[in-house]
Each structure stands twice: as structure tokens, then as C-alpha cells.
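Please keep the sequence and the model at hand while reading.

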Amino acid sequence: MIGSEEALRHILAVCRPLATEMVPLALTLDRVLAHDVVATDDLPPFDNSAMDGFALATHGVELQVGREFVVSGLQAAGDAMTDASQACEIMTGACLPTGLDAVVPVEQVSVLARDVDGRPQRIRLCATVGHRAHVRGRGEDVARDQLVLSAGQRVTPASRMLLAAIGVAETSMRPQVPAALLNTGRELVDEPRQPLASGQIRNCNGPYLTDRLREAGCCVVHQQTVGDDAQAFAAALDCGLAAGARVILSTGAVSMGRYDFVPDALHALGAEIVFHKIAMRPGKPLLFAILPGGELYFGLPGNPASAAVGMRFFVEPAVRALLGLPCERPLRLPLVEGVKKKPGFRFLLKARVEFNPQSDLQVRVLTGQESFRIRPMLDANAWVSLDDGAEQLSAGTMVDVYGLDARGVRLSAMEVASGN
């Protein structure tokens, strides 16, 4: 049995970032950028109007109420830039004509004369107009040659909007990590509607780990439930490898029971078992191996909370490394209440980050930490890590706090305040 920090070092030592690939913009959402993105043009690409109104020439001097202007022409969004020496009717988003440098909103003028078609011909100002008023300047949002996104960032809807705006059709991304998931146990039932026979339970680890793999940046290429049978397990593992999996997870059959066959099965397949059992709770029986083809194998315990801990603190850091992302850094927050634990083991506990009366963040360790319990996971918005040597931690002790996934603590002030 080894310490949790040593176990993670062994894992990260064999993780190398996967080769990059060019990905069309439409498929980049939630993917990881492999290189910096620099704007090749200004955004906006030209001076344009922020309002429906009239473009004017101030020549750097504030125009006073009562000034009158002859209106010559109309500039609509999408029209090519024109030259103008007099006032011009203009629509939101339209190019500002060359020679004009401000816009007065339509509601801040009086129309003194119109042509036969009802178009304004002469206007009077009802408000002062300053230089560059209501003008969106070229490059005001993003300047040409400006760094807009950095390597290692995940593409969000907002960043994809920006990429589209600056004309990025495709970009270099880290590939999704191909992963396979094998749930072992003859007691498992995959079909939720199937009535349970005596001794059976429903497979809950499968949906949970599949979702977490995808959120972490993986593409699940194979998923299968197998009984407590080494031959069936080996066949399922072959299917995952044939589908191209670089990371393989299994649940169950890694402890010390009669039917915990995974370690022997991996030895028979020529795998190198790097470690088996970690001084932590929950999840002590976790196994990590390297398969003959270099694929990473994680044998997670079968209890839901144990599988969740193995996924969060060992599989997800490995996926981050394969995606070329830096190691995660926890928050340090004070405990709301004291906690007692067994020394010699790192404890990874479901927790809630919340505000104290002074509006400072603090963390509360939740009840219901037993590894078979699922319901308390719904109440958690974070994980607390308690060091191996700790035994009695009093209220106010600073502890490491991790988000629900390895992207970071996914908490907003509203979520903390509302208790959601």
C-alpha cells in the first residue's frame, strides 16, 4: 500500500500529452486548445454605429443643442463604407461613413423636413453630441494580433462565439481521450426497468463514470458490463482496446475477496501493475496498471463513493495530463466544524462550500460519508482532502478543497448562497 501523493506521481509520470489535431469550429465546444489563438483582424472590423440615428462630423468639438444639419443619404448595416461630408441617417451596426465621427440617436433629434418618401432631409439636435458618441471603434473589442485564447483553455460557448467573430474556421485542439469502461459483477443489472432478482443491484457506476469521463475530456469508445469471470473480462478488455481506448477503467473485483479476479487477470495479460491499494478512504483498493500496448488501466473499487474518488483524484488528473493541462491546485478554506479521522490515511470527503456570516467562504464536511451511499453526493458541491497524518481537526482548520471535477471548483456565489 502506498500513499496517495506517491500513487498520483506514478500515474502522471507515464502521461504524455496526446498529439494535436485540427478541428472545425463547429466541433470545438468543450475541447482543449493546443495552441494560442491570435486575432488576425480587428473586432469590430470597422467603426460602426451603436444606435439607430444620424452620423455627424464633430471635428473633435461637442455639438450643442439646437444645431441643424442637412441629411444626405442612408447607411444601413451591411452597406459598404461611403464618404460623407454632411449628416447621414445610419442604422445600428452600419459602417460609419468616412468623414463622420459621432452618432446621435434618432430619439434625440427633431426632424425638420422630409422628402416625398418620408426620409429625413433636415434635423435639429435635442441633446449635445460629443466626439465619438455612440460609435463602436474598430478593434475596440479585440485588436489585430491580440492574444484572445491561450493553449490549454477549454472552448466554451462564449469563446466559440469569439472564435467565430474573428474568423477562425478551425483550430488546433487536443484530441478527446479515447476511454473504455468495464463494470464487473454478476450482481449488476444494466436495464433500469428490469425487476431485480434476489441479490441483484442496478449498475449505477456505469452512467456516473461515463458522464464524468466525457466531462473530463474523454470519448467513451466502449462500455460493457461483465460477470465475475476472468475470460469474459479479458474479452471485454480486448473490445475496448480494439475500439482504440487509451484509458481503461473497471469497477469492482480489485479487493481481496474470492471473486476479485482483476489483478490476476491483468498479470495473465502481461500488464505491469504499478500499484494496488492506496492509503486513503474511501477507495483504498484502487489499482493502476500499464497494459502491454502502453494503455493506462485504472481498477476502481465497486462502491459508488469509492469509484467517484478514484475517478476524481486519479483518473481525471491523468486525463488532464494527456490533454496537456497543468496540475490542478486546490483552494484552502477553513472547516465549519471539527472533524475526526483515522491517522495514516488520506480522507477524501464530500463537502459543501458556503458563506459564513461575514460573507467569507468556508467548507463543511457532510454526513453520510460511507462508501456505499449515493444520496449525499447530491448535497456536495466540493471535496475536502484531509492529510494522512491528521487525526483531530478543529473548526477553523485550513484544509484543501477541490471542485466536483478536475476543471476546478465549479461554484458561483449564487450557488453557495442558495444552497444548490
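## Conventions

The model is predicted, with local features needing pLDDT of at least 70 and side-chain atom pairs counting only at pLDDT 80 or more, while totals for chains, interfaces and linings use all residues. Residues are numbered from 1 along each chain as its sequence is written, and side-chain values use heavy atoms, with hydrogens and water left out.

Arg346 is found in strand E24 (residues 346–355), where strands (E, at least two residues) and helices (H or I, at least four) are DSSP runs numbered from the N terminus. Because its relative accessibility is 12%, Arg346 counts as buried; the term means under 20% relative accessible area, as against exposed at over 50% and partly exposed in between, with a 1.4 Å probe and protein chains only.

The C-alpha atoms of Arg346 and Lys284, which lie 62 residues apart along the chain, are separated by 9.7 Å.

## An open sheet

Six strands form an open sheet in the order E7-E4-E6-E5-E9-E8, with mixed pairing, two strands being paired if DSSP finds at least two bridges between them. Its edge strands, each pairing on one side only, are E7 (102–105) and E8 (109–114). Within the sheet, E4 (residues 53–56) and E6 (residues 87–90) run antiparallel and are joined by three bridges, and Ala55 stands opposite Cys88 in E6.

## Nonpolar cores

A nonpolar core is a set of buried Ala, Val, Leu, Ile, Met, Phe, Trp, Tyr and Cys residues joined through side-chain atoms within 4.5 Å. The largest one has 42 residues, of which Leu249, Phe298 and Phe314 touch the most other members. Several elements give two or more residues to this core, including helix H1 (4–13), strand E17 (247–251) and helix H6 (304–322), and the largest share, 11 residues, comes from H6. Apart from this core lies another, of 19 residues, among them Phe233, Ala245, Ala253 and Ala289.

## Helix H4

The buried residues of H4 are Phe233, Ala234, Ala236, Leu237 and Gly240. Seen down the axis of H4, these residues fall within an arc of 165°, so they line one face of the helix, the arc being that of the directions from the helix axis to the C-beta atoms. The face turned away from the buried side of H4 carries the exposed residues Gln231 and Ala242.
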